[in-house]
Amino acid sequence: MIAFPPCKINLGLHVVSKRSDGFHDLETCFLPVPWTDILEIIPATQTSFTRTGTTIPGNDADNLCLRAYQLLATSHNIPPVSIHLHKVIPTGAGLGGGSSDAAHTLRLLNTIFNLNLSTEDLMNHAATLGSDCAFFVQDNPMIGRGRGEVLTPVEVNLKGKYLVLVKPDIHVSTAAAYSNIKPATPQHELEKILNMPIGHWKELLCNDFERTVFAQYPAIGSIKAQLYEFGAHYASMSGSGATVFGIFDSPIDVSQFSQHTVWTGLC
């Protein structure tokens, strides 16, 4: 059985407070984007994991797809499987590709073996694998709070708009990005901003990581500025970077970003 795990972008990202467990409380809107990996899982006599496509840092034994399988194998005694992941979504990009792969592994296993796990069950399992994994159990925009695993559906009307995602060849350390953040209560309620016409977002919808990340990596900030120059209604960094996205009325010529990894398509 095959699935196509999508990535996500963050519409607004506020770091609200530092938690006693070392994590941070966040407030963000996760928006699914159809830039996808390809994931295949089939029953097998021995569990294996193979991959192609974009390089994935680390050991295969630590891959989130395998960890997701092991989680369900332990709790539900499912038989061995063969997992193949063709990686397309850039890693370390602020797009949640690995989390999506993990969540879709859970979803496929639930279907293949008729586990009858509810959406809530899958989300609870996914939350143990990563802070934004639970979001990818469903395919809808969500407000994420807590570590990102406390999710509330939200209406985001971007029908007919075009997205451009630009990933420069820059690695932003998530740990370093958090270490430079000063948590604060947001000045504006996120849901209210998202309900406003998109023309208001530029002034009100912000990603708290941009200030320090742009200071360290000016090239990322320059991409955001370029997207506005080319007519974006709204542009922002996703997550802690390094991907920057812009929302447009119609497709644009992306050849000016040819030195970067680029995806473009309908929202």
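In this predicted model, strands β2 and β3 (residues 24-36) pair in the antiparallel sense over 11 bridges; strands count as paired if DSSP finds at least two bridges between them. Helices (H or I, at least four residues) and strands (E, at least two) are DSSP runs, numbered from the N terminus. Within this pair, Leu13 stands opposite Thr28 in β3. The two belong to an open sheet of 4 strands, ordered β2-β3-β7-β8 with antiparallel pairing. Its edges are β2 (6-18) and β8 (150-153), each of which pairs on one side only. From one strand to the next, the twist averages 20 degrees, with axes taken as lines fitted to C-alpha atoms and angles running from 0 to 180 degrees between N-to-C directions.

Residues are numbered from 1 along each chain as its sequence is written. Local features need pLDDT of at least 70 and side-chain atom pairs count only at pLDDT 80 or more, while totals for chains, interfaces and linings use all residues, and side-chain values use heavy atoms, leaving out hydrogens and water.

A few backbone details are worth a look. Most residues other than glycine have a negative phi, and most peptide bonds are trans. Asn77, in the loop between α1 (64-76) and β6 (81-87), has a positive phi near 55 degrees. Asn77 is exposed, with a relative accessible area of 69% (exposed means over 50%, buried under 20%, partly exposed in between, with a 1.4 Å probe and protein chains only). Asn116, in the loop between α2 (97-112) and α3 (119-127), has a positive phi near 60 degrees. A cis peptide bond joins Gly241 and Ala242, with omega about 15 degrees.
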